[in-house]
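Thanks for coming, everyone. Have a look first.

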Amino acid sequence: MSTHASDPLAALGSLPGVAESVDSVRKAVDRVYGHRVMRRRSNEITSEAALRGARGSAALSGADWALEEVRRRTDFGGDAEARTVGAALRLGAEAGQLLSIWRQSPLRVLARLHLVAVGDSGDFVDSVGRPRQAGEAVDEPLIEAPLPDPAEVAGRLDGLSELIIAGGTAPALVTAAVVHGELLALRPFTSYNGLIARAAERIVLIGSGLDPKSICPAEVGHAEQGRAAYVAAFDGYLSGTPEGMAAWIAHCGRAVELGVRESTAVCEALQRGAA
């Protein structure tokens with residue numbers, strides 16, 4: 001992530017195609033917020049979006065369960081896939097509770113997200129809630145890019161935190177995409193980094209005011225576009241080139257739009273009395 005400009009996130013908004021992605025996302029979000037069902041049953045849409053977002057995020061992390069299986073299950077303490085789905089569900093429930101802290105101390109929120117993801121499973125007990133240290137392995141099934149060393153992780157996390165706290169004029173989509181991409185690149189924890197990166201993206205989208213009711217689950221769209229497309233777009237982020245960064249932001253934008261489509265379908269089903 002380049003930090004040469006005084007407001008590097010805002011500078012990304014001027015990359016070719018990014019403004020179009022931002023505009024397309026805003027129009028899509030406005031449409032679903034204007035749906036008549038949202039006036040009466042927005043809490044139901046929020047709950048369903050959290051469930052579907054968790055399912056999508058878990059799928060990207062290797063636990064591709066049917067939605068009804070996620071809805072039906074109550075025990076997530078079994079095998080690795082069950083723990084992944086449980087972690088995704090807990091993160092989805094927690095994200096909206098951390099907005100005020102996020103604006104003041106993003107690193108505290110990231111630590112909290114790791115604690116929530118691990119839960120009471122007992123996995124990685126010694127490393128829960130703190131950035132990984134030298135020699136500690138990272139369990140991240142999807143991302144195979146080289147791991148930055150702990151010193152680089154600490155420095156880049158501090159830089160990301162400073163940008164978030166400082167605010168700026170960058171569109172919500174741009175900030176969310178950079179937070180997501182940077183956490184994937186760093187993989188700061190020993191486990192659940194992908195889930196945490198996508199939860200942090202959600203926090204930015206909610207806290208920015210773009211999706212204040214959390215009804216546009218980008219995780220659904222990331223999963224729908226597929227793991228291969230996700231990794232390819234992330235490679236663009238890692239490249240640091242203008243074209244690569246623009247491609248990653250556009251990919252994240254498309255994910256939000258697909259999340260909007262999912263929630264619009266839920267609205268339509270509720271309107272027909274089918275859900």
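Which element of the protein has the lowest mean pLDDT, and which the highest? Helix H1, residues 8-12, is the lowest, at 87. Helix H11, residues 218-225, is the highest, at 98. This is a predicted model, remember. The protein averages a pLDDT of 92, and 95% of the residues score at least 70. One reminder: where pLDDT is low, the predicted coordinates should not be read in detail.

Now helix H12, residues 227-239. It has 13 residues. From its first C-alpha to its last it reaches 18 Å, close to the 18 Å expected at 1.5 Å a residue. Which of its residues are buried? Tyr230, Ala233, Phe234, Gly236 and Tyr237. Look down the axis of H12: those buried residues fall within an arc of 145 degrees, so they line one face of the helix. The general background is simple. An α-helix has 3.6 residues a turn, so residues three or four places apart point the same way.

What does that buried set pack against? Helices H3, H9, H10, H11 and H13. After H12 comes Gly240, with a positive phi near 70 degrees.

Tyr230, Phe234 and Tyr237 form one aromatic cluster with Trp248.

Staying with rings: how many aromatic pairs does a search of the whole structure find? Five. Take Trp65 and Phe76. Their ring centres are 6.4 Å apart and their planes sit at 25 degrees, so the pair is stacked. Stacked here needs planes under 30 degrees apart. Where are the two partners? Trp65 is in the loop between H3 and H4, and Phe76 is in the loop between H4 and H5. So the pair ties together parts that are eleven residues apart in sequence.

Last stop, helix H7, residues 106-118. Its 13 residues should span 18 Å at 1.5 Å a residue. The end C-alpha atoms are 19 Å apart, which agrees. The buried residues of H7 include Val109, Leu113, His114 and Val118. Which helices do the buried residues of H7 pack against? H5, H6, H8, H9 and H10. H9 and H10 are also among the helices that the buried residues of H12 pack against. And just after H7, Gly119 takes a positive phi of about 60 degrees.

Conventions. Residues numbered from 1 in each chain as written. Predicted model: local features only at pLDDT ≥ 70, side-chain atom pairs only at ≥ 80, totals over all residues. Heavy atoms only, no water. pLDDT = per-residue confidence, 0-100. Helix = DSSP H or I, 4+ residues; strand = E, 2+ residues; numbered from the N terminus. Expected span 1.5 Å × (residues − 1). Buried < 20%, exposed > 50% of the residue type's maximum accessible area, 1.4 Å probe, protein only. Arc of directions from axis to C-beta. Contact = heavy atoms within 4.5 Å. Phe/Tyr/Trp six-rings, centres within 6.5 Å; stacked < 30°, edge-to-face > 60°.
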